[in-house]
Amino acid sequence: MYFVTFCFHDRRRFGATVRLARWLVKRLQKHAVACGFFVHAYCVMPDHAHVLAEGATETSSLLKFVESFKQETAVEFARTTGRRLWQFKYYDRVLRSSDAVDRVAWYIWRNPVRKGLCKAPADYPFAGSFTELGTRLLEGAAATEWMPPWKAAGRGATTLVFRR
């Protein structure tokens, strides 16, 4: 299970464009299926996107999933706009037993609420799930707050992995 963050190039607010955000959600779903990943939670924010993904098989490759998604969307975006879509790197975290899946999912879905973009996660059109598990979590009661370890104070050292 992985928590992944993609940032738009120079933290530009590309995700604030409704058409682009919808297109990115569709492309994310396509690449998840093609690469053998379950996406339990996602959120496209104005300047970044979060994904909670789980490999469907022993051979599911996060690197392949992320690279195929970023490459296809970046090429198409550049072709139509002449601009770069993504930062070169992305952030990923392999979830530990201390990272409850429901809490991580709710961290993702609450992101637009924390940023003042909506009052409730269900009000935000670019957040959701492509799985039955994620849909049940989203329709149920909100889990207690989770914080990525690199943001949480006093939780000790943790490694943040930067990938190309």
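## Overall make-up

Helices (H or I, at least four residues) and strands (E, at least two) are taken here as DSSP runs, numbered from the N terminus. In those terms the protein has four helices and six strands, and from the N terminus on its elements follow the order β-α-β-β-α-β-α-β-α-β.

This is a predicted model, in which local features need pLDDT of at least 70 and side-chain atom pairs count only at pLDDT 80 or more, while totals for chains, interfaces and linings use all residues. Residues are numbered from 1 along each chain as its sequence is written, and side-chain values use heavy atoms, with hydrogens and water left out.

## Burial, surface and contacts

A residue is called buried under 20% relative accessible area, exposed over 50%, and partly exposed in between (1.4 Å probe, protein chains only). Of the 164 residues in the protein, 45% are buried. The protein exposes about 8,800 Å², and carbon and sulfur atoms supply 52% of that area; accessible areas come from the Shrake-Rupley method with a 1.4 Å probe, and for residues only the protein chains shown count as cover.

Contact means heavy atoms within 4.5 Å. Among contacts between residues at least 6 apart in sequence, 74% join residues at least 24 apart.

## Aromatic pairs

Rings of Phe, Tyr and Trp (its six-membered ring) pair if their centres lie within 6.5 Å, and planes under 30 degrees apart count as stacked, over 60 as edge-to-face and the rest as tilted. The structure holds 13 aromatic pairs. In one of them, Phe-6 and Tyr-90 have ring centres 6.3 Å apart and planes at 40°, so this pair is tilted. Because Phe-6 belongs to strand 1 (residues 2-8) and Tyr-90 to strand 4 (residues 86-94), the pair ties together parts that are 84 residues apart in sequence. Phe-6 counts as buried at 3% relative accessibility, and Tyr-90 counts as buried at 1%.

Phe-37 and Phe-65 form a stacked pair, with 4.9 Å from centre to centre and 15° between the planes. Here Phe-37 lies in strand 2 (residues 37-44) and Phe-65 in helix 2 (residues 62-81), so the pair ties together parts that are 28 residues apart in sequence. Phe-37 is buried at 5% relative accessibility, and Phe-65 is buried with a relative accessible area of 2%. Elsewhere, ring pairs link Phe-6, Phe-8, Phe-14, Phe-69, Phe-77, Trp-86 and Tyr-90 into a cluster.

## Strand 2 and its partners

Strand 2 is mostly covered, since seven of its eight residues are buried. Two strands pair if DSSP finds at least two bridges between them. Strand 2 runs antiparallel to strand 3 (residues 48-55), to which seven bridges join it, and a hairpin connects strand 2 to strand 3 through three residues. Within this pairing, the bridge partner of Val-44 in strand 3 is Ala-49.

Strand 2 is also joined by two bridges to strand 5 (residues 127-128), again in an antiparallel arrangement, where the bridge partner of Tyr-42 is Gly-128.

## Cysteines

A disulfide is a pair of cysteine sulfur atoms within 2.5 Å, and the structure holds zero disulfides. For Cys-43, the closest cysteine sulfur is that of Cys-118, at 8.0 Å, which is too far for a bond. Cys-43 is buried, with a relative accessible area of 0%, and Cys-7 is buried with a relative accessible area of 2%.
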